[in-house]
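Here is a short report for a reader meeting this structure for the first time. Look it over, then read on.

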Amino acid sequence: MLRALRRRGWVLLATIAVTTACAYAVASGTGATYTAESTAVVAASPNSLLTPDQADTLATTYAVLLPKDTAVLRTVATRLGTSVSQVKDRISVFNTTGTALIAIDYKGTNAADSVTGATAALDAIAGPHPVSRNIIPGSVGAVQAPTQASVSRGVITIVTLGAILGLALGLLLMLIWERVDPRIDRPEDLSQEIGSPTSPVGAISG
């Protein structure tokens with residue numbers, strides 16, 4: 001491996017440089033991503049008739065169900081003036097293990113749409129008039145609606161992945177070239193190839 005690095009290390013460096021540059025170009029062209037998050041809780045109270053353990057279990061179920069609930073998706077789409085399929089691609093729902101909390105993330109092309117989407121989803125399940133028939137009435141309460149969205153370009157992550165890909169690809173190309181190249185650089189390799197002792201020219205006396 002060290003010999004291959006000495007002879008063809010430039011292949012590795014060139015591959016890393018190319019893949020990193022390509023990754024940077026892709027990351028720069030994708031634009032920023034805005035994400036807003038709202039929080040709800042499955043209530044364990046006399047009104048909801050749920051025990052704490054049941055609330056935790058139900059929160060997990062709701063987290064899986066809500067991104068597929070057509071009524072919720074349609075409500076958010078109407079609020080944003082977009083399609084249900086677009087909302088389905090941009091909304092994510094999570095449940096923290098061991099809790100009854102539900103986090104609803106909405107990713108938009110701008111901060112306003114992200115906040116509106118996350119708020120609309122929260123209203124659809126925990127507002128005055130919940131729209132989903134799959135949620136037990138009164139079982140979900142609103143904890144926090146978003147007031148702002150976080151922004152991320154993901155440039156660092158994509159460029160890092162590009163560099164890692166370049167490293168792996170460069171090593172592979174370098175090793176393949178090393179195996180198929182018939183050139184011999186060391187006297188011991190020549191000796192092994194021809195079955196006879198060899199000496200470097202510099203070691204031969206005049």
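Start with Val84, which sits in helix H4. The model is a predicted one. Is Val84 buried, exposed or partly exposed? Its relative accessible area is 32%, so Val84 counts as partly exposed. Partly exposed covers the range between buried, under 20%, and exposed, over 50%.

Which residues does Val84 touch, once neighbours within four places in sequence are set aside? They are Leu73, Arg74 and Ala77. Take Leu73 from that list. Val84 and Leu73 are 11 residues apart in sequence, and their C-alpha atoms are 5.7 Å apart in space.

## The buried side of helix H3

Helix H3 spans residues 70-80. Its buried residues are Val72, Leu73, Val76 and Ala77. These four span an arc of only 130° around the axis, so they lie on the same side of H3. An α-helix has 3.6 residues a turn, so residues three or four places apart point the same way.

What covers the buried residues of H3? The cover includes helix H4 (84-90) and helix H5. It also includes two strands, E2 (91-95) and E3 (101-108). Val84, described above, belongs to H4, and its contacts include Leu73 and Ala77.

## Asp123 in helix H5

Helix H5 runs over residues 111-126 and holds Asp123. Asp123 has a relative accessible area of 31%, which means that this residue is partly exposed. Residues up to four places away in sequence are not counted here; beyond them, Asp123 touches Arg79 and Pro130.

How far apart are Asp123 and Ala145 in space? From C-alpha to C-alpha the distance is 9.0 Å, while in sequence they are 22 residues apart.

## A nonpolar patch on the surface

Now turn to the surface. Trp10, Leu169, Leu172, Leu173, Ile176, Trp177 and Val180 form a nonpolar patch there. Together they have about 690 Å² of accessible area. Which helix gives the most to the patch? Helix H6 (residues 155-180) does, with 6 residues.

Leu173 is one of the patch residues and is found in H6. Its relative accessibility is 41%, so Leu173 counts as partly exposed. Trp177 is also in the patch. Trp177 has a relative accessible area of 36% and is therefore partly exposed. Trp10 reaches 53% relative accessibility, so Trp10 counts as exposed. The cut-off for exposed is over 50%.

## One aromatic pair

How many aromatic pairs are there? The count comes to 1. The ring centres of Trp10 and Trp177 are 5.7 Å apart and the planes stand at 85°, so the pair is edge-to-face.

Trp10 lies in helix H1 (residues 2-30) and Trp177 in helix H6, so the pair ties together parts 167 residues apart in sequence.

## The whole chain

Finally, the overall picture. The chain has 7 helices and 5 strands. Along the sequence they follow the pattern α-β-α-α-α-β-β-α-β-β-α-α. Of the 206 residues in the chain, 31% are buried.

Consider contacts between residues at least 6 apart in sequence: 71% of them join residues at least 24 apart. The chain exposes about 12600 Å². Carbon and sulfur atoms supply 60% of that area.

Definitions and conventions. Residues are numbered from 1 along each chain as its sequence is written. This is a predicted model: local features need pLDDT of at least 70, side-chain atom pairs count only at pLDDT 80 or more; totals for chains, interfaces and linings use all residues. Side-chain values use heavy atoms; hydrogens and water are left out. Patches are made of residues with over 30% relative accessible area and no salt bridge: like charges are joined within 9 Å, nonpolar side chains (Val, Leu, Ile, Met, Phe, Trp, Tyr) within 5 Å. Accessible areas come from the Shrake-Rupley method with a 1.4 Å probe; for residues, only the protein chains shown count as cover. A salt bridge is a side-chain nitrogen of Lys or Arg within 4 Å of a carboxyl oxygen of Asp or Glu. Buried means under 20% relative accessible area, exposed over 50%, partly exposed in between (1.4 Å probe, protein chains only). Rings of Phe, Tyr and Trp (its six-membered ring) pair if their centres lie within 6.5 Å; planes under 30 degrees apart count as stacked, over 60 as edge-to-face and the rest as tilted. Contact means heavy atoms within 4.5 Å. The arc is that of the directions from the helix axis to the C-beta atoms.
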